2 protein chains.
Amino acid sequence: MAKQERAVRTREALIRAAAESFDQDGFTVASLTRISSRAGVSSGALHFHFASKAALADAVEEAAATALRTVAPDTGHLGTSRLQHLVDATHRLAEALRDDVVLRAGFELSGEAAREPHTDLRMSWRDRVERQARRCEESGELREGVTVGRVVSAVVAATVGFEVLGVRDRAWLAPGTVTEFWRLLLPTLASDAVAARVRPEGSFRSAGRR
Amino acid sequence: MAKQERAVRTREALIRAAAESFDQDGFTVASLTRISSRAGVSSGALHFHFASKAALADAVEEAAATALRTVAPDTGHLGTSRLQHLVDATHRLAEALRDDVVLRAGFELSGEAAREPHTDLRMSWRDRVERQARRCEESGELREGVTVGRVVSAVVAATVGFEVLGVRDRAWLAPGTVTEFWRLLLPTLASDAVAARVRPEGSFRSAGRR
């Protein structure tokens, strides 16, 4: 393995180990010794890549932001409604928060009192929801009288609630929980033109995961 | 001032000071020295009342649970619909999370990774919402096909989301945010018999706060 490739792998292992420690113990309690041993590298190697625990947290947030862009891409697939795209993004976010410790730790760092976030994941998610809700409005998929702000506020609050509650009980991030939320919301949110077409369980359920 | 009365006041001051420290710095960073000086008592007095920081956190949660019972009482006022009672409880919760540092710190301790909650405020709130949603169902105030579980999940997730996001930006706890959420939810949630009667802004808005 080339030297540079090894350095990239070590860096990735450290970010993952840091995410696991932050997720399990919280940012303040997590120790650099524990993180380097978890990653299987020396503490010298850790300090070569990251000057401090705060620098590691910044890197976890950055990696989580990259994961979020994959989970909730800004452009929709052809043939899907804009609103369906938003529904799908919330399902994929819940799934990724269950399975991807880096994304989960990135979101948790958002609420860490001891530290100002470098990349605030909850706010990045809010911005993505807002852009998507605007597209829904532009394409006439929102029911008359429903504002973008109202959609953003309800969807972001509920998904952040699922995320936070899901830390202690994964059932809050189950596909059924997200589906039930959309079943309740879609009838007042979607215009008649799309209401019947948008699937609260996500467009990818029976056709296999994307 | 009698000795016993002074002891009660000191205990209350310590709980409040601890809540302020937990809210500001998080449980792990908060220091007992800082808490006793914030409360204006000696560190000996602190240790007379509380054996450890964990014991102080337990006491903050207990005081927050008492505050929650006032904010969201289990019995409704005569003449109000059950659903209105639930809407009102979410408004009073948001208001109390803005104004009452003990309640806010109690909720935040719920999500503290470094500590298992003694009284889990978010779960106490969930239980209250569930009892109220059951009453709505029993009195026929839920629209046909809407389950108690669906109501609990959406309302708890959104309010916990408002709580968590409100730590960094109080606008998430503004009356307007909660009202907009109910405007979106009520049409699919309420049966025809009560839909027109339930006020998303809370029943106490124009008639003065209760």
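The model is predicted. Chain A contains 10 helices and zero strands. Its order along the sequence is α-α-α-α-α-α-α-α-α-α. The C-alpha trace of chain A spans about 60 × 35 × 30 Å along its principal axes. Chain A has 210 residues, and 47% of them are buried. Contacts in chain A were also sorted by sequence separation. Of those between residues at least 6 apart in sequence, 67% join residues at least 24 apart.

Chain B superposes on chain A with an RMSD of 0.0 Å.

The interface brings 31 residues of chain B into contact with 31 residues of chain A. On the chain B side, the elements giving two or more residues are α1 (3–25), α8 and α9 (175–189). The largest share comes from α8(B), with 12 residues. By class, the chain B side that touches chain A holds 17 nonpolar, eight polar and six charged residues.

One helix pair links the two chains through α9. The axes of α9(A) and α9(B) come within 8 Å. They cross at roughly 100 degrees. An angle of 65 to 115 degrees counts as roughly perpendicular, so α9(A) and α9(B) are roughly perpendicular to each other. From α9(A), the contact uses A:L184, A:L185, A:P187, A:T188 and A:L189. From α9(B), it uses B:L184, B:L185, B:P187, B:T188 and B:L189. These residues divide into eight nonpolar, two polar and no charged.

B:L186 also belongs to helix α9 of chain B. This residue is partly exposed, with 18 other C-beta atoms within 10 Å. The cut-off for a buried residue is 20 or more such atoms. Leaving aside neighbours within four places in sequence, B:L186 is in contact with B:A195, B:V198 and B:P200. B:T70 lies 116 residues away from B:L186 along the chain. The C-alpha atoms of B:L186 and B:T70 are separated by 24 Å.

Within chain B, two helix pairs were examined. Two packed helices are described by the angle between their axes and the distance between the axes. Helix α5 (residues 82–99) of chain B packs on helix α8 (residues 148–168) of chain B at an angle of about 15 degrees. Their axes are 10 Å apart. The angle makes α5(B) roughly parallel to α8(B). Their crossing is right-handed. On the α5(B) side, the contact is made by B:T90, B:L93, B:A94 and B:L97. On the α8(B) side, it is made by B:V155, B:T159, B:F162, B:E163 and B:G166. By class, this contact has five nonpolar, three polar and one charged residues.

The second pair joins helix α4 (residues 53–71) of chain B and helix α6 (residues 101–110) of chain B. Their axes come within 8 Å and cross at roughly 115 degrees. The crossing of α4(B) and α6(B) is left-handed. Helix α4(B) contributes B:A57, B:V60, B:E61, B:A63, B:A64, B:A65, B:A67 and B:L68. Helix α6(B) contributes B:V102, B:L103, B:A105, B:G106, B:F107 and B:L109. The contact comprises 12 nonpolar, one polar and one charged residues.

Of its 10 residues, 10 are buried, so α6(B) is largely enclosed by the rest of the structure. The buried residues of α6(B) include B:R104, B:E108 and B:S110. Also buried in α6(B) are B:V101, B:V102, B:L103, B:A105, B:G106, B:F107 and B:L109. The cover over the buried residues of α6(B) includes α1, α4, α5, α7 (121–138) and α8 of chain B.

How values were computed:
Residues are numbered from 1 along each chain as its sequence is written. Chains are lettered from A and ligands numbered from 1 in the order in which they are written. This is a predicted model: local features need pLDDT of at least 70, side-chain atom pairs count only at pLDDT 80 or more; totals for chains, interfaces and linings use all residues. Helices (H or I, at least four residues) and strands (E, at least two) are DSSP runs, numbered from the N terminus. A residue is buried if 20 or more other C-beta atoms lie within 10 Å of its own, exposed if 12 or fewer, and partly exposed in between; C-beta atoms are placed from the backbone. Two residues are in contact if their C-beta atoms, placed from the backbone, lie within 7 Å. Copies are superposed by least squares on the C-alpha atoms of residues with pLDDT of at least 70 in both. Axes are lines fitted to C-alpha atoms, for helices over the stretch in contact, and angles run from 0 to 180 degrees between N-to-C directions. Angles under 35 degrees count as roughly parallel, over 145 as roughly antiparallel, 65 to 115 as roughly perpendicular and the rest as oblique. A crossing is left-handed if the near helix is turned anticlockwise from the far one by less than a right angle, and right-handed if clockwise. Ala, Val, Leu, Ile, Met, Phe, Trp, Tyr, Cys and Pro count as nonpolar, Asp, Glu, Lys and Arg as charged, and the others, Gly among them, as polar.
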